[in-house]
Amino acid sequence: MPLLLNCDLGESFGSWNMGMDHAVMPHIDQANIACGFHGGDPVTMAKTLTLAKANQVALGAHPSYPDLVGFGRRSMKLSSEELHSSITYQIAALDGMALSQGLTLDYVKPHGALYNDMMRDHTIRRTIMEAVAHYHRPLKLMLQATSAYEQHQAEASDLSGPNTPALELYFEAFADRCYDDDGSLLARSKNGAVHNQQRMLEQVQQLCDTGSITTVSGHILQLKVDTLCVHGDNMEAVQAIESIRKIVTP
């Protein structure tokens with residue numbers, strides 16, 4: 001099955017504009033829409049949903065820590081109860097607005113620090129999985145494809161909710177990021193953490209051809225990948241998405 005393309009969108013709020021959502025939306029399959037805690041506001045959420053509907057793009061809630069000032073990039077110490085309720089609240093807000101346009105959410109992808117914390121902390125990951133599994137209808141959870149994907153799949157399969165027999169996952173890779181040998185992303189503080197456009201396209205081609213990436217040390221790492229994260233912050237990035245689309249589309 002061809003790789004899907006997902007992108008973080010709807011992150012503008014008030015008079016602050018971020019991203020090129022109109023330029024990006026025609027080229028992607030999945031829109032991760034901010035729910036107001038790190039970016040986005042009711043008007044932006046509604047407009048982004050309308051844009052996704054016009055382009056027949058699948059919808060994902062993009063919840064974060066309650067950190068609008070820090071754009072959700074700062075870790076926060078929340079109790080499991082607080083985090084569970086926060087995730088449910090954000091999903092429900094976007095889900096309700098989607099329903100008002102005749103749309104249905106498909107999945108959830110945490111944002112920023114919450115995403116990173118989910119990948120390295122079992123307790124946080126378990127809480128997020130439980131929040132998604134216990135939503136009033138089935139939703140998938142998107143998380144990073146690493147060498148531990150079988151463990152993550154087992155964790156999800158062990159969870160169920162009143163209307164969810166077992167939590168389903170989307171495993172995602174990153175087009176523009178270099179990987180460490182364990183399948184985690186190389187820290188941005190290290191040289192080569194972010195690929196230039198040529199290396200990015202080579203990594204996408206390798207994923208499509210062999211289902212693998214080459215790590216920072218030159219090791220070949222097989223990954224289970226369903227969807228590829230791309231970014232649309234500027235016109236150069238949008239043009240890169242167009243090039244990636246040509247690679248992933250048979």
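The model is a predicted one, in which local features need pLDDT of at least 70 and side-chain atom pairs count only at pLDDT 80 or more, while totals for chains, interfaces and linings use all residues. Residues are numbered from 1 along each chain as its sequence is written, and side-chain values use heavy atoms, with hydrogens and water left out.

Across the whole structure, a search finds six aromatic pairs. Rings of Phe, Tyr and Trp (its six-membered ring) are paired if their centres lie within 6.5 Å; planes under 30 degrees apart count as stacked, over 60 as edge-to-face and the rest as tilted. Y107 and Y170 make an edge-to-face pair, with 5.7 Å from centre to centre and 90 degrees between the planes. Because Y107 sits in strand 4 (residues 105-108) and Y170 in strand 6 (residues 169-174), this pair ties together parts that are 63 residues apart in sequence. Helices (H or I, at least four residues) and strands (E, at least two) are DSSP runs, numbered from the N terminus.

Y115 and F174 are likewise an edge-to-face pair, at 6.1 Å centre to centre and 85 degrees between the planes. Y115 belongs to helix 4 (residues 112-120) and F174 to strand 6, so parts 59 residues apart in sequence are tied together by the pair. Y115 is buried, at a relative accessible area of 4%, and F174 also counts as buried, at 9%. The face of Y115 has K109 over it, 5.8 Å from the ring centre; for a charge to sit over a ring, NZ of Lys or CZ of Arg must be within 6 Å of the ring centre and within 35 degrees of the ring normal.

Strand 5 (residues 140-144) has four of its five residues buried, so it is largely enclosed by the rest of the structure. Strand 5 runs parallel to strand 4, joined by two bridges, and parallel to strand 6, joined by four; strands pair if DSSP finds at least two bridges between them. L141 is the bridge partner of V108, and L169 in strand 6 is the bridge partner of L141.

Turning to helix 2 (residues 42-54), its 13 residues reach 19 Å from the first C-alpha to the last, close to the 18 Å expected at 1.5 Å a residue, the expected span being 1.5 Å times one less than the number of residues. T44, M45, T48, L49, L51 and A52 of helix 2 are buried. Seen down the helix axis, the buried residues fall within an arc of 160 degrees, so they line one face of helix 2; the arc is that of the directions from the helix axis to the C-beta atoms. On the other side, P42, V43, K47 and A54 are exposed.

Two loop residues complete the picture. Q56, in the loop between helix 2 and strand 3, has a positive phi near 55 degrees and counts as exposed at 76% relative accessibility. F71 lies in the loop between strand 3 and helix 3, and its phi is positive too, near 55 degrees. Most residues other than glycine have a negative phi.

Conventions. Buried < 20%, exposed > 50% of the residue type's maximum accessible area, 1.4 Å probe, protein only.
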